[in-house]
Amino acid sequence: MERKQFLRYMGAALGWVAVAPLLTACDASGDSTTTTDTTLPPVADTTPPPTTTPPPTTTPPPTTTPPATTLSAEEIAGLKFMREEEKLAHDVYVALYDLWNDNIFNQISLSETSHTEAVLALLVKYGIADPAAGNPAGVFTDPALQTLYNTLMAMGSATQIDALKVGALIEETDIRDIEAQKAVTDEADILTVYTSLLCGSQNHLRSFNDNLVKKGVTYVPQVITQAQWDAIVAAPGTCVAL
């Protein structure tokens, strides 16, 4: 009995020795335990792309007004003279209207305002200082025009007929001076203004002459020729080429 039991134990022990390597091998190949992969997934690159500096904006050069045409010394002097001569006509007519209450002086003074302002516009355009700036009525920068103003006011203050003669004298003087200034410029804008002044002066001359004729007075031109006077008087409503 003891011998049989001993043999049973020995067989079991030998069987375990033979089977154990197989179990170990199965354990190794059949282990279902999953090894956790601790490797972190690649981190997305959140670094912003480098800022691309745009090329500098090319600013176009500022638009500049082309410089005004350079005028000659004669043209500049002519504009300054005509500015004050037209002011002289205006100032004399306003004063004579106040003195004689004759509406012809009031009407023509309004026209002279537009004349002197037209010349002023040219002075501004060409950057020329205004000789009449700040001067009240009857005051002039040009000494010759100041003397003429004083003389005309003395003449026109004598009688109403003398005042009308002063008006005619101013207009024929303007006609002569405007023609002289037209001869020294070829600037279209200046010629346009001078031509307008010339036509206006011819119309004013006719008006003063008509008023003198109504009073029985024949005016004899003092500045322009008799032929020029006759041509102007004979063509009402037109601008006579002299």
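**View 1. Overall fold of the predicted chain.** Read along the sequence, the protein chain follows the pattern α-α-α-α-α-α-α, with 7 helices and 0 strands, where helices (H or I, at least four residues) and strands (E, at least two) are DSSP runs numbered from the N terminus. The model is predicted, so that local features need pLDDT of at least 70 and side-chain atom pairs count only at pLDDT 80 or more, while totals for chains, interfaces and linings use all residues. Residues are numbered from 1 along each chain as its sequence is written, and side-chain values use heavy atoms, with hydrogens and water left out. Of the 242 residues of the protein chain, 32% count as buried; buried means under 20% relative accessible area, exposed over 50%, and partly exposed in between, with a 1.4 Å probe and protein chains only. Residues 24 or more positions apart account for 76% of the contacts with a separation of 6 or more, a contact being heavy atoms within 4.5 Å.

**View 2. The largest nonpolar core.** This core holds 43 residues, of which L79, L88, V92, Y93, F105, I170 and F208 touch the most other members. The elements giving two or more residues to the core are α2 (73-100), α3 (103-125), α4 (143-156), α5 (160-182), α6 (188-214) and α7 (226-233). A nonpolar core is here a set of buried Ala, Val, Leu, Ile, Met, Phe, Trp, Tyr and Cys residues joined through side-chain atoms within 4.5 Å.

View 3. The 23 residues of α3 should span 33 Å at 1.5 Å a residue, and the end C-alpha atoms of α3 are 34 Å apart, which agrees; the expected span is 1.5 Å times one less than the number of residues. The buried residues of α3 are I104, F105, I108, S109, E112, H115, T116, V119, L122 and L123, and what covers them includes α2, α5 and α6. In the loop between α2 and α3, N101 has a positive phi of about 55° although it is not a glycine, and N101 is exposed, with a relative accessible area of 57%. Just after α3, G127 takes a positive phi of about 65°.

View 4. The structure holds 5 aromatic pairs, counted for rings of Phe, Tyr and Trp (its six-membered ring) with centres within 6.5 Å, planes under 30 degrees apart being stacked, over 60 edge-to-face and the rest tilted. F105 and F208 form a tilted pair, 5.8 Å centre to centre with 40° between the planes; because F105 lies in helix α3 and F208 in helix α6, the pair ties together parts that are 103 residues apart in sequence. F105 and F208 are both buried, and the rings of F140 and Y149 form another tilted pair, with centres 5.5 Å apart and planes at 50°. Ring pairs link Y93, F105 and F208 into a cluster. K87 lies over the face of F140, at 4.4 Å from the ring centre, the criterion being NZ of Lys or CZ of Arg within 6 Å of the ring centre and within 35 degrees of the ring normal.

**View 5. V223 in the loop between α6 and α7.** V223, placed in the loop between α6 and α7, is partly exposed, with a relative accessible area of 26%. The C-alpha atoms of V223 and R176 are separated by 7.2 Å, although these residues are 47 residues apart along the chain. Leaving aside neighbours within four places in sequence, V223 is in contact with L169, E172, T173 and R176.
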